[in-house]
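Reader: I would like to learn how to read a few features of a structure. Please take them one at a time.

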Amino acid sequence: MTEVKEYDWNMLAGIGIIGGLIFIYAAYALNTMMNVTYFSFLGAVGAILAVVWGADAVRRICKYGIGTGVPSIGMLAFGMGLLATLLGLKIGDYVGVVYVGPVAALVIALIQGAIIGYLANAVLKMKIPTMQLGMIFIAGAASIILMGFTVTMAGTFTYGDMIAKVFNTGFIAPLFMIGALPMLHPFNACLGPDEDQRRTLTLAVEASLLSTIMFGIFSIALINVVSSAITVVLGLIAWAYAYLAYFKKVKESGVPVVGTGLLPKKEA
């Protein structure tokens, strides 16, 4: 059977960055122009695209034998992403142009990832070829994921609203944990000699849709029931499809076990 070619991680980076920002901006713009919060679910779409980008970066770094470090690198990514996101959104608030915030947050996250990646290889001597670019990618992906799911819960990504609706209410804790899991969990669940990029990334989509459903439920406390219901219903429908797609990938990758009967009672 011909080996299936993997998706290039630069292509996935383009999809995560461009697609992620487009959906985040679209959600905010539509909500603002129409004075509603019904389009908040679009933020989750942007986050999911970034999850796929980040999950692929995690698998490329961790395939160098640091499987037990998958959760740690996911938490590191979100730590970098959160700091960069707050600073970037604050810059947008400071200059008085809201739309500057997400781009500034992404740029700061990418720079921060480059510095941490350099320190990991040059100072800590981890000597992982994909570490430098991988750290840049996971930091950028984490920033977009945080902003996307913030929009899903709060209907906006402005600095003031993020502090008031996400930090002051305590929703930053589930945002950090439930937002990070879809990026770090897929490779952790699929690693091994039969790990396959398409199966891993399909699981990333499925897991991020579960997070979307959770954030849709949380949004009841921050926006309104109707917007929450839209996110939850669409999330459930998409999750069912993604789950079946992942189950299909698992069956395709499964190794048939031939029945050999009962073991003999004693050696021949």
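**Cysteines, helix pairs and one arginine**

Author: Cys 62 is buried, at a relative accessible area of 3%; buried means under 20%, exposed over 50% and partly exposed in between, with a 1.4 Å probe and protein chains only. This is a predicted model, in which local features need pLDDT of at least 70 and side-chain atom pairs count only at pLDDT 80 or more, while totals for chains, interfaces and linings use all residues. Residues are numbered from 1 along each chain as its sequence is written, and side-chain values use heavy atoms, with hydrogens and water left out.

Reader: Is Cys 190 buried or exposed?

Author: Cys 190 is buried, with a relative accessible area of 3%.

Reader: How do the axes of α7 and α8 cross?

Author: Two packed helices are described by the angle between their axes and the distance between the axes. Helices are DSSP runs (H or I, at least four residues), numbered from the N terminus. Axes are lines fitted to C-alpha atoms over the stretch in contact, and angles run from 0 to 180 degrees between N-to-C directions. The axes of α7 (residues 172–190) and α8 (residues 197–222) come within 8 Å and cross at roughly 160°. The two helices are therefore roughly antiparallel, a label for angles over 145 degrees. Residues in contact (heavy atoms within 4.5 Å) include Phe 187 and Cys 190 of α7 and Thr 200 of α8.

Reader: At what angle do α4 and α5 pack?

Author: Helix α4 (residues 100–123) packs against helix α5 (residues 131–154) at an angle of about 150°, with the axes 7 Å apart. That makes α4 roughly antiparallel to α5. Among the residues making the contact are Ala 109 and Gly 113 of α4 and Ala 139 and Gly 140 of α5.

Reader: Where is Arg 59, and what is in contact with Arg 59?

Author: Arg 59 belongs to helix α2 (residues 41–62) and is buried, with a relative accessible area of 1%. Neighbours within four places in sequence aside, Arg 59 is in contact with Glu 6, Phe 187, Glu 195, Gln 197 and Thr 200.

Technical notes:
Angles under 35 degrees count as roughly parallel, over 145 as roughly antiparallel, 65 to 115 as roughly perpendicular and the rest as oblique.
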